[in-house]
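Please take a look at the structure below. The report starts with one residue and then moves out to whole chains.

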Amino acid sequence: MSTSAATAGGAPRHGVRIAVIWAVATAISVPVMIWVIGPHIPPGAMSNDTRDQHTVDVVLATLAMPVLMLIWVYFAYSIRYFRQPEGDVIVDGPPDRAQPRIQILWLVVTLLMVIGLATYGTIDLLNDAGLGGGEGPHPLAVPADAKNALQVQVIGQQWFWTFRYPSYGGVETPKLELPVNREVEFHVTSVDVIHDFWAIELGVKADAVPGADNTAFVKPLENGTFQVRCAELCGLWHGHMNTTGRVVSDSQFATWIAAQQTKYSTITKDLPPYSLVYYPQPVRNG
Amino acid sequence: MSTTETTIADPEGPEVLASNIAVGSRLLSSAVVFLFMSFVFAFFYLRALNTSHLFREPGANPPTAWGVVVLVCVLASVAGFEFARRQLSDGTGTPWRAASAAAWVIGLAAVVVQFTQYYYLHFGATAGGLASVFFGFTAVFAVFWLGAVYWMETLWAQSVRQPKTAAGDVHSPSALMRPSADSCMIFLYTMSVVEIFAFVLLYLVK
Amino acid sequence: MESASVRQPQVVKSSTRIPSAWGQLLGYNVIWATVLAIVGYIVLHKIGDTIGAHSVAETGSGGSDQDDIAILMGMVGAILGWIGGLGFLNYPVSRILGRPATLREREEHGAWRYFRLCTDHKVVAIQYLVAVLFFFFIAGLNAMFIRTELTSDNATLFGAGNYLTLVGLHGTMMLMMMSAGILGPLGNYLVPLMIGSRRMAFPRIESLTMWLTVLAGFILLAATLLGGFPTGWTGYAPLADEARAGIDAYLVSFALIGVALALVGANMLVTVITLRAPGMHWNRLPIFVWGMVTTSILAVLAAPVLLAALIMVMMDRSIDTTFFVAAQGGSPLLWEELFWFFGHPEVYILALPGFAIVLEILPVFARKPLWGYRVAVAGMFGVALMSFMVWQHHLFMSGINSNLRPFYMFTTELISVPTGMVFLNAMGTLWKAKIRFTVPMLFALAFFFNFLFGGLSGVFLSDVPSDVLTHGSYFVMAHFHYTIMGGLVFALMGGIYYWLPKMTGFKLNEKLGKIHFWAMFIFFNLTFFPLFAAGMLGMPRRVSNYNASLHTLNVFVSSAAFCLGASMLVFLGNLVWSMVFKRERAGDNPWHSKGLEWQLPSPVPVYNFERIPVINTDPYQYGSPDAPPVADFGPRVVAGQAGAT
């Protein structure tokens, strides 16, 4: 477009104008995105997962800026300058149909962007950013210190969450507390319909599927509270399936879990043995 | 009551209807392939997952004999119709009529046998993943196969009702019978492939 | 088939008897269809009840199976009664009895033909348009109720079950109706005109798809009488297995739509393949027709998968199969896999017609040919093909094999490449154009503004690490409303404003149209843009209960949504005012378009073309004063003879 814009007789060089305006718009919007808007993009900095996810989001949003600006500048310019002249006679535009060079250039650029994004996304998936997304029973991305991870089973049912700690006697609690700076390995499952365990500020989301074990990892890095909500429609009280989790220091966690074990000791004896999946009775016989 | 008159040039030639049916039958066949592909997918998916080890409950064994009968009826029906189709010259000959009648009757028998099998089956629909896929696949197949039988029957019935047609009459009904039979064949071949898949998966691979 | 422009006409005079008013009332029509549908439901429900009681006694399973068997059989009865009452069973029965295959070449006249089986594709298209708009408004009203509920962060204005039913009705009705929302009304009307044909390939099937769509809409609404359904439009099992009876209505109506979608697509494809006029080479086809072709390919192949999945749920509910019951050898993920294998092509069934319309409108009001025609067509085929290879991105968090995620991330991001080419086509068409800002053009331009947000947010969602935050949240809601409403619905509006003068002969009021456009555009963006933030800040989908910190945002969004609803009322008002009261004649070619359909009178006569034209060129010959006219119509058949309408 820009190469053919040089016309005789002083007609405005639209291509150059558009390119300049676009360059300026990009030069403004990119830093604004990185430094002004970027820091406010959720999900915050409470865990290793969220910090990496935040970086991913800022990168994607920043890369989106030139694209956004190109389309906006081009369309705005066209609407302003390529208008039908005043009057009743309808004037036609030039009969251009295509320029293969521009199409190929566009195709190549967009393809490269996609390949770049996919590569970046894949690499990130194998790092901290993707660990919080449910990876199924055989996770591909596993954190370095997974061997020492605290195992927490998340059991979803209509319409509340319970949490089971297999390394603490298999105690099942209605509240989720985690120690700070320690890798946590969630095993998310359900006993009735499909739910979705979303620990928002921790950056963890894993579907709770009956009969399946969904694994997700996170390492909380800051003390504080986080919301847990259900993100998959599971029936009447889906929107009420919320709870609040806490990240506390190691000693506080140890105290808490011991207290839970005492509090629920009689119940724990009656619970089914810890398993990655549960099939509640009665099972229908064919 | 009132009448109205309109005038156009270029009324449509009969070959247009024929090509409509030809293209339409291929599209129908593609759609049907995707429909049954879903059941094939369900079979392999549930078999691979084998949740609670109950893909095949003990005793949930579809008896092969019934499956063979249905398969044979379907394939015989298709073969019979192919033979009949080749006899089709002006849509009236006795070999065509007898063969196409046999084809659709045997096809109908396949449906009857299939539904009878459910009555005599020693396991129910609750008996695990294979049982579920078995009921789903065979029942849906039977319904769509009934559609194929319907198509065959309409072509046979047409030749019974109008045995003689004037040669050269471009809007004569039998002008469409040959293309329609050809198109029906496409659908029948597709259905026979689906049935073979169903038999192999549900009765042999399990 | 190629013939010279001077041909010997074979003039055909046809004369039709129009029955009297009583004859029309007592014949096959929608009134009898309704009566027989109700009778059919009652009769088969009773039979189903008996069968169900027998089966319950045999297997010892719960009584709810009996309900489901009865309801599903009742629905079958309703369907049979409906199509029988409209007269659709007559031809199949006559074929069983050996009568020959025919086209039912009855020229149709009179207002009654809009209320029964009519084989004039233009009548079917207008019936479709009315049906689609009717259900669109009902679904939109449901959206207003949803937004009312969401003005409070925890109140239950409607009750939990009713709220979920509203959510499900809104989503399902919109998806069902908009799937054939352009294919049905505009595709059926315009494709024969654009290719130079007098009919669609299978006119009876065309009419059937329309009436099935209407029935499906009413059956879905009947879900409210059966206790509602809690699954939303995605119908996830095993919740679908355990839900109350209302979900049977969802299952049956969606299955009907699946069948109708496959049939409408097949009809469209056969029409374009076999009925093109002489000279209508593939590279002269209007881009709108290419859009209909690619949409139809998706419809034909994807809808059967939906049908299969719905049948599996119906079987789980009625005869206790265990397709989706993990404890009995089934898998809940099976539903997700099958549904989304349909569901992803489904959203491209929604998006592609939007592309088709705006790329058709843009050249007319830019007064330039469509830039990059071949690439646009290739792009549409690319989108169609790739849409079958991305569906796992709906299951990124479901616990699928994590080896699959990078591959589907790549394919999903790849699908933005052909979509991006459509933007390039638009930009090329606008380069040095002479733009006229009519209402259709405004909607077409707004399409690109909206779809850009939709597409970019799609890139965020396709990136798995980013998806961890946004999956199942309002971010997804905002994404698909930007693409489907901001894209498809805006395009539909543009298409209606553009083509309604051709279909009816009357103009829509320009001033009201501009008010409608600006209100809709501004309030649409004010409604849905904040929802990206709501999702990222932790608001899941389909909830009526959310974090108090999001309260102000939701109140703002609801207020904007009410204004958006009001803009739709402006549209409705414009429709009624212009079509019923003002009735200002539009003329044959009010937009001065070079398209083939615009060379015909408005409204188009019942036989479309007096003489099948010979096509000379594509319909985008703007800026070429020496270009031949788009088609050669030959001499008038009979001087002074015009067809009756």
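Predicted model: local features only at pLDDT ≥ 70, side-chain atom pairs only at ≥ 80, totals over all residues.

A:Leu271 sits in the segment after helix H6 (265–270) of chain A. Another residue to look at is A:Val171: A:Leu271 and A:Val171 are 100 residues apart in sequence. In space, their C-alpha atoms are 8.7 Å apart.

Is A:Leu271 buried, partly exposed or exposed? Its relative accessible area is 23%, so A:Leu271 is partly exposed. The cut-off for buried is under 20%, and exposed means over 50%.

**Chain A**

Now the chain around that residue. Chain A has 6 helices and 10 strands. Its radius of gyration is 27 Å, whereas the globule rule gives 19 Å for 286 residues, so chain A is more spread out than a compact globule. Along the principal axes, the C-alpha atoms of chain A fill a box of roughly 95 × 50 × 35 Å.

Of the 286 residues in chain A, 48% count as buried. Take the contacts in chain A with a separation of 6 or more: 69% of them join residues 24 or more positions apart. Chain A exposes about 12,900 Å², and carbon and sulfur atoms supply 64% of that area.

Charges come next. Chain A carries 18 positive and 24 negative side chains. The centres of these two sets lie 4 Å apart.

How is chain A divided into domains? The assignment gives domain 1 (3–82) and domain 2 (146–285). The centres of domain 1 of chain A and domain 2 of chain A are separated by 42 Å, taken over C-alpha atoms. The two domains do touch: 9 residues of domain 1 of chain A are in contact with 17 residues of domain 2 of chain A.

**Chain C**

Chain C has 20 helices and 3 strands. Its radius of gyration is 25 Å; a compact globule of 645 residues would have a value near 26 Å, so chain C agrees with that picture. The C-alpha trace of chain C spans about 75 × 60 × 50 Å along its principal axes.

How much of chain C is buried? Buried residues make up 69% of its 645 residues. Among the contacts in chain C with a separation of 6 or more, residues 24 or more positions apart account for 81%. The accessible surface of chain C comes to about 19,800 Å². Carbon and sulfur atoms hold 68% of that surface.

On the charge side, chain C has 38 positive and 33 negative side chains. The centres of the two sets are 16 Å apart.

Chain C is also divided in two: domain 1 (27–102) and domain 2 (126–596). Over C-alpha atoms, 30 Å separate the centres of domain 1 of chain C and domain 2 of chain C. At the contact between them, 15 residues of domain 1 of chain C meet 18 residues of domain 2 of chain C.

**Domains side by side**

| Domain pair | Distance between centres (C-alpha atoms) |
|---|---|
| Domain 1 of chain A and domain 2 of chain A | 42 Å |
| Domain 1 of chain C and domain 2 of chain C | 30 Å |

Note on methods
Residues numbered from 1 in each chain as written. Chains lettered and ligands numbered in written order. Heavy atoms only, no water. Helix = DSSP H or I, 4+ residues; strand = E, 2+ residues; numbered from the N terminus. Rg over C-alpha atoms; globule rule 2.2 N^0.38 Å. Buried < 20%, exposed > 50% of the residue type's maximum accessible area, 1.4 Å probe, protein only. Contact = heavy atoms within 4.5 Å. Areas by Shrake-Rupley, 256 points an atom, 1.4 Å probe, with all protein chains shown as cover. Lys, Arg positive; Asp, Glu negative; His and termini not counted. Charge placed at Lys NZ, Arg CZ, Asp CG, Glu CD. Domains from an automatic or database assignment.
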